[in-house]
Amino acid sequence: MTPQTQYITLRELQRQVRDALADRFAMPLWVSAEISELKVNYSGHCYLELVEKGEHETVASAQARAVIWRSAYPRIAACFEAETGSRLGAGIRILAKVLVTYHEIYGFSLQIIDIDPSFTLGDMERRRQQTIAQLKKEGVWDMNRQLPMARPVQRIAVVSSAQAAGYQDFCKELGKSPYRFRVELFDAFMQGTAAEESIIEALFAVAVRSDDFDVAVVIRGGGSRSDLNCFDSYRLCNHLAQFPLPVITGIGHDKDVSVADMVAHTSLKTPTAVAGWLVDRMVEAEGAIDYAALQLGELTRNLLHRSEMTLERNATDLKQLALQLLARNSARLDRAAENIPDTARMLCRRKSEMLRMTGQFLPEMVRNILMREKQRLEMASQLIESRSPRQILRLGFAIVRRPDSGVLSAEECRVGDEVEIEVADGKIGATINKKEQWQKKN
């Protein structure tokens, strides 16, 4: 560089930049940006980092420091929270009225003098609607609600923070019930910039062990609307919609319904309400079991009664049939009894004569066989003779007949009936003048 080269000092350059910005941006203007960091120091001043991101980008394309002086911060923060239901915090997109400033040491910054809450409300709703539209377009909106719910629900995977009051309330409410639940906590941040990623990681850990659980429960206590922004995010809601287990949410807000609530199988307001719902399911299951037991008992009694009636009818029919068969066979035996002994003896004599005639011509072995057969025939003849009605009559028994049939039971006769009594050496006519019937044994 030669001595004639023109230059200015850094301080002069900074002053020119400051003056140029002051001339160009002499009046306040409205700027939209997302808060990436927010810190209120001990003096009451609020310092922010503002960023600008693309529609589907996570890396900032623009960044600037901003400040809200303590003289304005309480008013701006209170107004914003009253209108939106959320506190100013990281992750919120705002429309801020700013003064552009430039300092020789601290550089470029924005002084926020006002914030329009309606812009933030609109941006939050726009993001919600984009998430809803995208999930419906991909066809996953109703997937979790279509999963069958186990009955009863006893194995519960809980995605929450171990220190959260909502989780403690949930466990306390379950502990009051007489039922046994198996609860396993998958710890996660439930608010702040890290909440979305932390909840997704916890859900992934549950999904890996989905066979060990009946449901996944996502719970947290109450909070500002900004604390619940992650439950409207596309990534988290997409995981919930396609989760392999039914998801029950109890995110702890009464006024608003998050997209996570919309895609979950069952949505309840608070962690305590989720616990109450689980207990009610157990009550219903117990009632169903009791009712089924009553029905089973009633069906069993009815079946036994019908079986007893059927057995009684069959026994009566069988007894009647047996009596009829006995009566018919008795009559047939009566008719054939007189001829059986004579016929048998005649057959035996003929067999014996034939054996004698043929015995002398047969070899000795055949004669022995014939002799044994002869002996068997003689024994059979003697047996038949001993069982004949005449032989039985000789033993002192008698046969009683009515004019039309034999008498098998005292029940068939009446006093005054004419009967015929056959004994060993003849027949006797008689009239019944007394009747006594023995009690039948079961």
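**Side-chain contacts and pairings in the predicted model**

Glu49 touches Glu34, Ile35, Ser36, Glu37, Gln63, Ala64 and Arg65, leaving aside residues up to four places away in sequence. A contact here means heavy atoms within 4.5 Å. The structure is a predicted model, in which local features need pLDDT of at least 70, side-chain atom pairs count only at pLDDT 80 or more, and totals for chains, interfaces and linings use all residues. Residues are numbered from 1 along each chain as its sequence is written, and side-chain values use heavy atoms, with hydrogens and water left out.

Glu49 belongs to strand β2 (residues 46-52). Strands (E, at least two residues) and helices (H or I, at least four) are DSSP runs, numbered from the N terminus. Glu49 is buried, yet has no salt bridge. Buried means under 20% relative accessible area, exposed means over 50%, and partly exposed lies in between (1.4 Å probe, protein chains only). A salt bridge is a side-chain nitrogen of Lys or Arg within 4 Å of a carboxyl oxygen of Asp or Glu. For Glu49, the nearest side chain of opposite charge is Arg65, 5.0 Å away. Lys and Arg count as positive, Asp and Glu as negative; His and the chain ends are not counted. The side chain of Glu49 does make a polar contact of 3.1 Å with that of Gln63. Such a contact is a pair of N or O atoms within 3.5 Å; within protein, one must be able to donate a hydrogen and the other to accept it, and residues adjacent in sequence count only if both atoms are side-chain atoms.

The protein as a whole has 11 helices and 13 strands. Of its 442 residues, 31% count as buried. Among contacts with a separation of 6 or more, 63% come from residues 24 or more positions apart.

Salt bridges were counted next. Side chains of opposite charge can pair when their charged atoms come close. The count comes to 22 salt bridges. One of them joins Arg145 and Asp142, at 2.2 Å from N to O. Both partners are partly exposed: Arg145 has a relative accessibility of 30%, and Asp142 one of 36%.

Another salt bridge pairs Asp214 with Arg155, with the closest N and O atoms 3.0 Å apart. This pair links distant parts of the chain, 59 residues apart: Asp214 is in the loop between α5 and β8, and Arg155 is in strand β6 (residues 155-160). Asp214 is buried, at 13% relative accessible area. Arg155 is partly exposed, at 30%.

Glu197 and Arg235 also meet in a salt bridge, at 2.9 Å from N to O. Glu197 lies in helix α5 and Arg235 in helix α6 (residues 234-241), so this pair ties together parts 38 residues apart in sequence. Glu197 is partly exposed, with 37% relative accessibility. Arg235 is partly exposed too, with 38%. Elsewhere, a network of salt bridges links Glu34, Glu52, Lys53, Arg93, Asp123, Arg126 and Arg127.

Aromatic rings were examined in turn. A pair of aromatic rings is described by the distance of the centres and the angle of the planes. Rings of Phe, Tyr and Trp (its six-membered ring) pair if their centres lie within 6.5 Å; planes under 30 degrees apart count as stacked, over 60 as edge-to-face and the rest as tilted. The count comes to 1 aromatic pair. The ring centres of Phe186 and Phe213 are 5.9 Å apart and the planes stand at 80 degrees, so the pair is edge-to-face. Phe186 lies in strand β7 (residues 182-187) and Phe213 in the loop between α5 (195-208) and β8 (215-219), so the pair ties together parts 27 residues apart in sequence. Phe186 is buried, at 10% relative accessible area. Phe213 is also buried, at 3%.

Charges over rings form a separate group. A charge sits over a ring if NZ of Lys or CZ of Arg is within 6 Å of the ring centre and within 35 degrees of the ring normal. Arg24 lies over the face of Phe25, 4.8 Å from the ring centre. Lys136 lies over the face of Trp141, at 5.1 Å.

Two further pairs bring together residues from separate stretches of sequence. Ala20, in helix α1 (residues 10-24), is partly exposed at 43% relative accessibility. Ala20 and Tyr102 are 82 residues apart in sequence, with 9.7 Å between their C-alpha atoms. Asp169, in helix α4 (residues 165-176), is partly exposed at 36%. Asp169 and Pro271 are 102 residues apart in sequence, with 6.7 Å from C-alpha to C-alpha.
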